[in-house]
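Reader: I'm new to this one and would like to learn how to read it. Could you take me through a few features?

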Amino acid sequence: MKLSHYFLPTLRQAPSDADTISTKLMQRAGLIRKVTGGLYEWLPFGLRALKNVEQIVREEMNAVNGQEVWLPIVHPKNLWEETGRWNQYGKELLRFKDRKDAEFCLAPTAEEVITDLVRNEISSYRQLPVFLYQFGTKFRDEIRPRFGVMRSREFYMKDGYSFHADEKDAENFYQKAFTAYQNIFKRCGLKFRPVEAETGAIGGSFSHEFMVLAETGENEIAYCSCGYAANSERAECAPPSPPPPEPSQPLQEVHTPNAWTVEDVAKLLKAAKEKFLKTLFYMADGKPIVALVRGDHELNENKLMRHLGSKKLEKATDKEYEQIAGCPVGFAGPVGLDGRASLLADLAVQTVFNGISGANKKDYHLKNINRDRDYRPAQFVDLHVAAPGDRCPRCQKPFQFCRGIEVGHTFKLGTKYSQSMKATYLDAEQHSKPFIMGCYGIGVSRVVAAAIEQGNDENGIIWPASIAPFQVQLIPIESEDSKIKEAVEKLYQGLQKRNISVLLDDRSERAGVKFKDADLIGTPLRITVSSKTIEKDSVELKRRSSKELQMIPLNQCPDFVDTLLHEMLK
């Protein structure tokens, strides 16, 4: 492709509302343009990267016997009502009516339509397993779209769904898909980590997120040298080591006017947050629940919900809080709550002696609270979000933490959708059974942005060779010289014959401008042809990721570049 005829509008400065490195560089380098909040246009340069990622994903999905389909983005209400998600999904599901007043939604995911397809077409165990996948646009009406295409309302993804006759086959395929995902992100040239994750709105029994490691990542990862890794909200924590015993002190009521947060009361009483007991009120399937966590920890609502086995968990309203605690919001504590609600305590609460919490009385707190004497939890369970100081549940070593960008998610769905939608097959004994399902998603547009978050410097993008829009940028200097013209054209044709994607900068610009643009758009290899290189019958080769320059004989250049790219793609 010749740059003089290529639509590649670059910018000197990123738009003022660009809030991440990738958003800034994707707009400056001419990959995308913003239409409005959460909606972006993909320009030719960006689309090439998107399609390169898509092809890698397609090849790996086909390698595990995936079959590509194309599903609609507009879904009828009745299918979502069958699973109960029409009302459960929330405001992120964009609902609308057509001219006949029938209700539809723009698909944020495709479990309902794919399950409907399979239940209508597959009836026997002999037709199983089957794995269907698609590439397509999804829409989630994010309340606050941000981070460019990483948290946009409209995005491009691959979602796949597997259907099985039994749990063993479903789990075997899950492992194959897991390996395929590892292959995908390796081929995309990314540093990543698969981690255990919550299933969220998709549901199912377990899942894994695939995180591209980047300091700018939205997600925090807890990991251990033994191999265990999970996002911090999913990570299980080993029981804490007991602190040195201390003598039990008598309860003491203290006046704390206008102070109800841990931070405010800790400052007022000059006490460490670890000494506090947060008392949190919830309604689980309509029943009151009180959860206790240490003052320096945050409650993990997913852990609480999973432990309770509840279908619906909501924070108690102010009125419910006051009815249970008998005091205004912010002044509740565990002392005296026996019989009013089920009391669960986090494992780390066992380390709190002579603790501090609300006195169930406005503007008052209690000091020297101790379990058994002053309160008795029904159970101690792991309830808090993993934090520094916590230990691995497998080997007891302290967790390490890093940040990551979620680019893929695999789910073991089980029968969540097949049961609710009555999607069944006949087994060998002619008994009707629900399909066992798996779900496998990759944010293709997210992968492009994540690659840029991971690969960049002060000059621009540094693409992995496998997904770069072009692998080589060919830059002639003094391009009107006939010898340079001839050498460049010969080199251009030679590279293309070897199926190497080349961007030829044939513009009438200064060398400095061409080099600056080449660094901005991040093409992995830059080849410069000038009068100085022609004198030596050579070209100058530079990797985008390196400052070193290398002189290559002109007639050997296409083969040399071909070999080098193969090494870079390994």
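Author: Let's begin with a definition: two strands pair if DSSP finds at least two bridges between them. Helices (H or I, at least four residues) and strands (E, at least two) are DSSP runs, numbered from the N terminus. Before we go on, this is a predicted model, where local features need pLDDT of at least 70, side-chain atom pairs count only at pLDDT 80 or more, and totals for chains, interfaces and linings use all residues. Residues are numbered from 1 along each chain as its sequence is written, and side-chain values use heavy atoms, with hydrogens and water left out.

Reader: Okay, so in what order do the three strands of the open sheet come?

Author: In general, strands of a sheet pair through backbone hydrogen bonds, either parallel or antiparallel. Here the order is 4-6-5, and the pairing is antiparallel. Strand 4 (74-76) and strand 5 (95-97) sit at the edges with a single partner strand each, so one side of each has no neighbour in the sheet. On average, neighbouring strands of this sheet are turned by 40° against each other, direction ignored.

Reader: How many bridges join strand 5 to strand 6?

Author: Three, and strand 6 covers residues 103-106.

Reader: What do strand 1 and strand 2 form?

Author: A hairpin, with two residues between the strands. Strand 1 (residues 32-36) and strand 2 (residues 39-42) pair in the antiparallel sense over four bridges. Lys34 stands opposite Tyr40 in strand 2, and Gly38 in the turn has a positive phi of about 80°.

Reader: Now a helix. How many residues does helix 2 have?

Author: Helix 2 (residues 44-63) has 20 residues and reaches 28 Å from its first C-alpha to its last, close to the 28 Å expected. Its buried residues (under 20% relative accessible area; exposed is over 50%, partly exposed in between, with a 1.4 Å probe and protein chains only) include Phe45, Leu50, Val53 and Met61. After helix 2 comes Asn65, with a positive phi near 65°.

Reader: How do I read two helices packed together, say at what angle helix 12 and helix 15 pack?

Author: Two packed helices are described by the angle between their axes and the distance between the axes. Axes are lines fitted to C-alpha atoms, for helices over the stretch in contact, and angles run from 0 to 180 degrees between N-to-C directions. Helix 12 (residues 482-497) and helix 15 (residues 557-568) pack at about 40°, with their axes 9 Å apart. The contact (heavy atoms within 4.5 Å) is made by Leu491, Gly494 and Leu495 of helix 12 and Cys557, Pro558 and Val561 of helix 15. Under 35 degrees counts as roughly parallel, over 145 as roughly antiparallel, 65 to 115 as roughly perpendicular and the rest as oblique. Helix 12 and helix 15 are therefore oblique to each other.

Reader: And what angle do helix 1 and helix 11 make?

Author: Helix 1 (residues 21-28) and helix 11 (residues 444-454) pack at about 105°, with axes 8 Å apart, so they are roughly perpendicular to each other. Ile21, Ser22, Leu25 and Met26 in helix 1 meet Val448, Ala449, Ile452 and Glu453 in helix 11.

Definitions and conventions: Expected span 1.5 Å × (residues − 1).
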